[in-house]
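Trainee: I'd like to learn how to read pockets in a model. Can we walk through one together?

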Amino acid sequence: MDVIPVLRGKRILLGVSGSIAAYKAAELASRLTQAGARVDAILTAAASRFVTPLTFQSLTGRPAPADLWSEDAHVLHVGLADGADLLLIAPATADILAKLAHGLADDLLTVTALAARCPLLIAPAMDAGMFEHPAVQANLTALLARGATVIGPAGGRMASGLTGRGRMLEPEEILGHVRRAAGRSGPLAGRHVVVTAGGTEEPIDPVRSLSNRSSGKQGFAVAQAALDRGANVTLVAAPCSLPTPVGASRIDVSTAHEMAHAVLEASAGADALVMAAAVADFRPARPADHKLKKDAGLPVLELERTTDILRAVAEVRARTGRPACVVGFAAETGDLLANARKKLQEKRLSLVVANDVSKPDAGFGADTNRVTLIDSAGADELPLLSKAEVAERILDRVGALLTRD
Ligand code: CTP
């Protein structure tokens, strides 16, 4: 996995308490470390019965102390707490929640928690019956009132065999929450960014549609990059199976018409719009209301133009000045720069992201992309990058455009 810029160099204290979900904390420690964070895992005695400090030491490359009574522990907890960016407790048992809520400090994790001044993120894991208990709920309420963020637990099957709400969130989702916490006061904090992603589907009949090869990956990466910078993000998604980045408000749409409606509404008061979606330019003029049967002969599809969303946004923007920054994409198979510059002008864009989709390592479906960023000042041809890195570059430009205005 690539380094995640918002986590690079961040000091994360990972508290692990004694739940069977502790094995997933090992995956989390690994993901955070690979993302570039400095992870100090602190295990409770009960956690050490499920997983070992050595597991975490090996994954993070840093000592994973568990004992308050080791010789250097009185300095250790202060050293760990000092300058930490985030205290993440995953999994958090009913016992650790009670200790945190009441300020008990009888092991290295709880002592460190009292010494730390950084944000606290808690991922509870316990049997559903325990989670519902008023004592646990009261402890959570106390922690929330003190500013902690509680994520999950999720519903589902638990180790006991029972089904209910008590499962720790999956490492991937916890990682999303960590990104959100780390980016909270980022350069786009307080800004609203609308992002579109995926390829629209235009119905031919109830079971068939006209679509395109967009996977949605680039748009979802843009949404994630905006979240990492602290923005409020509305993600208008055409049909695709990608998970929603943690923190984004997702609006699922299917057709260009639905997307136009959602984008015009969401972007009316927004700071930026990034139109990464591949919107159909044409749709069947008269979709059938029943399935077209092949023994009825070859159907003739008459097409009509869809609304050009970016042009509609440009009209609103001319009146209201919002969104201040509008980014369009130009997927081309020839005359890249000339075609992209035409779009920049005609759609009155702040920036156009142009890519040559005829290459196999760039554009639709690939994990990498090769784009040129074009604005009125000139063209910046980027090398082959991951879609996450392309998203970072786009958001750098969006950030610069917004602070300029
Ligand atoms: N777009 C839009 N509304 C549409 C179609 C596209 O807002 N109905 C947006 C896309 O999200 C993208 C940009 O416009 O940001 C692409 O421009 P477009 O002119 O549609 O490019 P092509 O589909 O490549 O069209 P052309 O045939 O003009 O090259």
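Trainee: How many nonpolar, polar and charged residues does the lining of the largest pocket have?

Mentor: Rolling a probe the size of a water molecule over the atoms shows where empty space is left. Here the lining has 14 nonpolar, four polar and 15 charged residues. Nonpolar means Ala, Val, Leu, Ile, Met, Phe, Trp, Tyr, Cys and Pro, charged means Asp, Glu, Lys and Arg, and the others, Gly among them, are polar. Keep in mind that this is a predicted model, where local features need pLDDT of at least 70, side-chain atom pairs count only at pLDDT 80 or more, and totals for chains, interfaces and linings use all residues. Residues are numbered from 1 along each chain as its sequence is written, and side-chain values use heavy atoms, with hydrogens and water left out.

Trainee: What counts as a pocket?

Mentor: On a 1 Å grid over the protein atoms alone, it's an open set of points where a 1.4 Å probe fits, with protein on both sides within 12 Å along at least five of seven lines; lining residues have an atom within 4 Å of a point. The largest pocket has a volume of about 1000 Å³ (the space filled by probe spheres set on the points, which are joined across faces, edges and corners). Its lining has 33 residues, and Glu172, Arg179, Ala221, Gln224 and Ala388 are the closest to its centre.

Trainee: Which domains does that lining draw on?

Mentor: Domain 1 (5-182) and domain 2 (187-404) each give at least three residues; the bounds come from an automatic or database domain assignment.
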